[in-house]
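Here are my notes for you to read alongside the model. I've kept them to numbered points.

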Amino acid sequence: MIRRLLALWEKECLALSRDVHGLAVLFLMPAAFIVVMSLALSDAFNGAPARATEFAVIAADAALADRLARNLAGEGFRVVPGPESEAEARNGLRLAKYKLVLVVPRDFERALAAPLDGKSTPPGLTLLADPALPPTQLLAFRQRVLGAALALRISGMMSRAGITADPDAFDLKRAATLNVETIGGGGRPSSVQQNVPAWLIFGMFFVVMPISSLFIVERRDGTLARLVSLRVPFSMLLLGKVGP
Amino acid sequence: MGTLNVEALSFRYPGGGDAALEDITLAIPAGGIFGLLGPNGAGKTTLISILAGQLQGATGRITADEEPLAALHGGRPGFLGIVPQEYAFYPMLTCAENLRFFGGVQGMSGARLRERVKAAAAFARIESVLARRAGRLSGGLKRRLNLAIGLLGEPAILLLDEPTVGVDPQSRAFLLESIRSLAGAGRTIVYTSHYMEEVEAICDHVAIIDRGRVLVSGALAELTRDGSGLEQLFMRLTRGTLRD
């Protein structure tokens, strides 16, 4: 039994070693796939984005734009010089020149000073975003913008109350030092771990295909019938091809 | 080994219309060469395939020495050898590797395998090309390799399905002489061919089958006692009509 199986394995290895195209399909293509997929997904799975997302702020008041930009920058977001107008910003987004552009309307700061009760509508801001931006990044930036707006509102309220405070004191990033600890589990999977199931399916595809074609060729050539006449069971024939 | 008996053998291909074999009864004596003749589609290869255990689902009985052939064959893979119409070997492997592989799947190894490979190669006179890839051999050498593989297990029953198709006269003469020398020593040989002169030259007994039925069977000398040749008998029995 083992002797017969060894003979089948030896034959497959010899045949494979002389079939350049078969070798390429079996080894080079999956290897190339693994390398490409690992590189493509390494950024997504290494915990933090390799490049900070660029954003710009457009505001009539340059000082306000600068202050907002300072509050919003950092931890994955980087400010870049903004466009001159909202129209230019929209065009820039279409051309993938910007990822995020925050448009601050005129008199925004004054609108923030208005008392906010249950009936009034909060002053509006417009965030123009690249549709290819990951939703988690968009959400994070949105929260950061709302935090910056709240900081402006509080800063204004304190100023009107005659309390002097450093405007940057209300920067969300400086509110507290937040340590994040992940408990339990194996942590975030690496790009390799994340893709193992896909590779298995891919591998099966590359194993099943050559095996099927081997059976077709052997059937056409008559070698399969000859092996059957030598009482080689089908399970052994299959194992003889899967093994190597 | 004694006579190989085929009794009331019938076979229908799955999904096929008419029976490929219908109530075939033959007594194939040991020690000689039994010619199996018939036009294209008569059922010769189907009968050979059933005898070799390649096709399952036939009704009837096949026995050798009063034992079911399947049991004898199952107990010893090399009990029955087949030399099919196709070049049933691996073109990517050398002749020696092919011989070693087909010996290996019959359970041979070590000195026994080496001895059988050497003997089969010597018999088929392919020793000088043992290191050459089988796919690069001439038609005549491929036929000889096909024959050598069939002889590896020293089969008690040897099935030869048109073993001289597509070879030059020299190779044909060599193959016929070799096959003739295999008869005797209790070996049963079944030989199919479309060449009547070949059958007349080497066979002791013949059967002519057509449309899955035996038209005539017996000793060649008796069947041609009236002086008519085998071809005349064949054309008369098969009515000389063109087959699809």
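1. Which residues does B:Ala148 touch, leaving out those up to four places away in sequence? With this being a predicted model, the list reads B:Leu99, B:Ala120, B:Ala121, B:Phe123, B:Ala124 and B:Ile126.

2. B:Ala148 is also among the residues with the most contacts inside the largest nonpolar core, along with B:Leu99, B:Leu145, B:Leu159, B:Val190 and B:Tyr191. That core has 82 residues, and helix α5 of chain B (residues 139–151) supplies the largest share of them, 6 residues. Apart from it there is another core of 20 residues, including A:Phe55, A:Leu68, A:Leu72 and A:Val104.

3. Have a look at the sheet in chain B next. It is open, with 6 strands in the order β6-β7-β8-β3-β9-β10 and mixed pairing. Because β6 (80–83) and β10 (213–219) of chain B each have a single partner strand, one side of each has no neighbour in the sheet. On average, neighbouring strands are turned by 15° against each other, direction ignored.

4. Within that sheet, β3 (residues 33–37) and β8 (residues 188–192) of chain B run parallel and pair over 4 bridges. B:Ile33 has B:Ile189 as its bridge partner in β8(B). Helix α9 of chain B (residues 230–238) packs on the sheet, touching β3, β9 and β10 of chain B, and its direction makes about 25° with that of β9(B).

5. Finally, the chain contacts: 21 residues of chain A meet 22 residues of chain B. On the chain A side, α1(A) gives the most, with 8 residues, and α8 (223–229) of chain A also gives two or more. That side divides into 10 nonpolar, 3 polar and 8 charged residues.

Technical notes. Residues numbered from 1 in each chain as written. Chains lettered and ligands numbered in written order. Predicted model: local features only at pLDDT ≥ 70, side-chain atom pairs only at ≥ 80, totals over all residues. Contact = placed C-beta atoms within 7 Å. Nonpolar A, V, L, I, M, F, W, Y, C, P; charged D, E, K, R; others polar. Core = buried A, V, L, I, M, F, W, Y, C linked by C-beta atoms within 7 Å. Buried ≥ 20, exposed ≤ 12 C-beta atoms within 10 Å, placed from the backbone. Pairing = 2+ DSSP bridges. Axes fitted to C-alpha atoms, helices over the stretch in contact; angles between N-to-C directions.
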